[in-house]
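Reader: Hey, I've got a protein to look at and I'm new to this. Can you walk me through it?

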Amino acid sequence: QIHYSLTQEKIGHVKANAFRDIKSQEGHHLASVISQTLAYDRRNYKFNPTSGYVARINNGLAGLGGTTKYHQHILSGGYYYPLSEDLTFSLESQLG
């Protein structure tokens with residue numbers, strides 16, 4: 001899946017004792033981001049799964065316009081295991 005977003009962000013109320021790099025981010029910023037998501041999905045249902053797992057990797061690139069430039073990489077996943085007919089154990093995590 002490929003996604004594009006254009007977002008205006010405002011960073012404010014930065015404390016006086018914050019690091020210099022954080023203070024420099026204060027103000028209005030425009031982020032133009034293109035990203036892709038690859039997923040391996042072995043859940044039995046996309047919504048309200050009761051068994052299976054899903055793994056995703058998302059890569060984003062900002063800087064094709066706007067004032068913000070960065071790379072973003074996120075790994076995420078979830079595991080679903082039925083404990084009974086009405087109860088499912090789920091564990092989800094994200095890194096990045």
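This is a predicted model: local features need pLDDT of at least 70, side-chain atom pairs count only at pLDDT 80 or more; totals for chains, interfaces and linings use all residues.

Reader: Okay, is Phe 89 buried, partly exposed or exposed?

Author: Phe 89 is partly exposed, because its relative accessible area is 39%. Buried means under 20% relative accessible area, exposed means over 50%, and partly exposed is in between (1.4 Å probe, protein chains only).

Reader: And where is Phe 89 found?

Author: Phe 89 is in strand 5. Helices (H or I, at least four residues) and strands (E, at least two) are DSSP runs, numbered from the N terminus.

Reader: What does Phe 89 touch?

Author: Not counting residues up to four places away in sequence, Phe 89 touches Tyr 79, Tyr 80, Tyr 81 and Leu 83. Contact here means heavy atoms within 4.5 Å.

Reader: What pLDDT does the protein chain average?

Author: The average is 95, and 100% of the residues score at least 70. pLDDT is the predictor's confidence in each residue, from 0 to 100.

Reader: New topic: how many aromatic pairs does a search of the whole structure find?

Author: One. The ring centres of Tyr 40 and Tyr 53 are 6.2 Å apart and the planes are at 40 degrees, so the pair is tilted. Rings of Phe, Tyr and Trp (its six-membered ring) pair if their centres lie within 6.5 Å; planes under 30 degrees apart count as stacked, over 60 as edge-to-face and the rest as tilted.

Reader: Which strands hold those two?

Author: Tyr 40 is in strand 2 (residues 27-41) and Tyr 53 in strand 3 (residues 52-66), 13 residues apart.

Reader: How many bridges join strand 2 to strand 3?

Author: There are 10, and the two strands run antiparallel. Strands pair if DSSP finds at least two bridges between them.

Reader: Last one: where is Arg 43?

Author: Arg 43 is in the loop between strand 2 and strand 3. With a relative accessible area of 17%, Arg 43 is buried.

Reader: Which side chain does Arg 43 have a polar contact with?

Author: That of Asp 41, at 2.6 Å. A polar contact is a pair of N or O atoms within 3.5 Å; within protein, one must be able to donate a hydrogen and the other to accept it, and residues adjacent in sequence count only if both atoms are side-chain atoms.

Notes: Residues are numbered from 1 along each chain as its sequence is written. Side-chain values use heavy atoms; hydrogens and water are left out.
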